[in-house]
Amino acid sequence: MQGRSAAERIRKAIAVVNAVVDGAGDEEITPTEIAEAIRDCLELPETANVPNVRKFLGEALDATSDGMPADFVAMTLYAALGALQEGHLLN
Amino acid sequence: MRSAEGRGRTLDEAVDAALIELGETRRNVDVKVLREGTDETLVEVTVIDPAAASSVAAPSQAANGKAETVRNLLEGLLKHMGVRAQVMVRTGSDPLTLDVSGRDLGALIGWRGETLRALQSVTNVMVGKHLAEGERVIVDVERYRQRREHTVREIALRAARQVKMTGDAITLDAMQAFERRAIHLALEGDPDVTSSSIGEEPDRRVVVGPRKAASE
């Protein structure tokens with residue numbers, strides 16, 4: 001159940017980034033909002049229990065604050081999601 | 001330009017019916033969904049201009065150098081992933097759109113298009129240095145994005161009709177950003193209805209409501 005909530009939070013962060021990429025039309029997402037969504041993921045203790053998840057989330061947070069393109073942030077978040085799913089499969 | 005209509009229970013069946021009539025393969029045609037229902041789907045299949053198609057296929061032409069580079073990078077990525085698929089550059093597309101086609105590519109689309117989104121993000125990071133600042137490429141697998149955009153546009157138009165009849169606002173299901181964008185674009189020219197988004201990702205929804213007159 002916990003794994004699901006972490007995956008949901010990462011998916012939420014990805015959705016926020018994708019809204020920037022797609023120019024969703026009536027909304028403006030700031031880097032602060034993206035960073036908040038990623039920090040929400042980092043706050044979950046279970047992200048610490050699975051190898052590489054925090055590493056990728058940290059990289060995504062750094063990429064956001066460095067002003068890297070949204071696709072790069074999205075790619076790094078997908079990597080975190082993949083690491084989380086892989087970790088749960090191995091456990 | 002040759003075209004034919006096809007009907008079937010599913011989109012694939014409808015496209016196949018039109019392809020048989022035209023005697024063409026999927027890689028040479030453009031598909032437009034005319035009606036998509038629970039019982040029957042109607043499509044219009046148009047043969048892509050052979051001259052335009054060949055201009056994309058020729059890697060030596062300088063004008064298509066960027067498209068060809070991007071296509072090769074995506075093809076290489078798919079090869080490393082062990083996916084056997086063909087990558088074509090959609091003619092006349094802006095932004096540059098890459099169509100991936102092949103057999104059993106459902107895994108490349110993934111849950112609600114999640115894997116496709118990831119593939120597109122990776123592709124854009126890989127090809128970034130070949131593109132101008134702010135330029136992006138769109139990756140589509142078996143025309144999934146195109147089909148989905150068409151479906152949500154249909155939903156938007158149906159919702160708009162209902163709003164005009166009842167005067168009540170309608171909240172649609174949660175959608176991805178590109179789907180919401182398609183809805184806003186579909187309704188932006190309608191003088192009687194307006195669309196806005198509410199809620200937070202990934203449960204953000206579009207609300208279609210009556211447009212209030214300026215004097216009200």
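The model is predicted. In it, 19 residues of chain A are in contact with 22 residues of chain B. Between them the two chains bury about 1,700 Å², and 5 salt bridges are found across the interface.

**Extent of the interface**

- Of the area of about 1,700 Å² that chain B and chain A bury between them, 54% lies on carbon and sulfur atoms.

**Polar and charged pairing**

- One salt bridge joins the side chains of B:Arg117 and A:Asp22, with an N to O distance of 3.0 Å.
- Residue pairs in polar contact between chain B and chain A, both at pLDDT 80 or more, number 7.

**The side of chain B that touches chain A**

- At least two residues of this side are supplied by each of α5 (114–127), α7 (177–187) and β8 (193–198) of chain B.
- The largest share comes from α5(B), which provides 8 residues.
- By residue class, this side of chain B consists of 9 charged, 7 nonpolar and 6 polar residues.

**Domains of chain B**

- The domain assignment divides chain B into domain 1 (3–48), domain 2 (58–142) and domain 3 (147–210).
- A distance of 29 Å separates the C-alpha centres of domain 2 and domain 3 of chain B.

Terms used: Residues numbered from 1 in each chain as written. Chains lettered and ligands numbered in written order. Predicted model: local features only at pLDDT ≥ 70, side-chain atom pairs only at ≥ 80, totals over all residues. Heavy atoms only, no water. Contact = heavy atoms within 4.5 Å. Buried area = accessible area lost by both parts, 1.4 Å probe. Salt bridge = Lys/Arg side-chain N within 4 Å of Asp/Glu carboxyl O. Polar contact = N/O pair within 3.5 Å; in protein donor to acceptor, adjacent residues only side chain to side chain. Helix = DSSP H or I, 4+ residues; strand = E, 2+ residues; numbered from the N terminus. Nonpolar A, V, L, I, M, F, W, Y, C, P; charged D, E, K, R; others polar. Domains from an automatic or database assignment.
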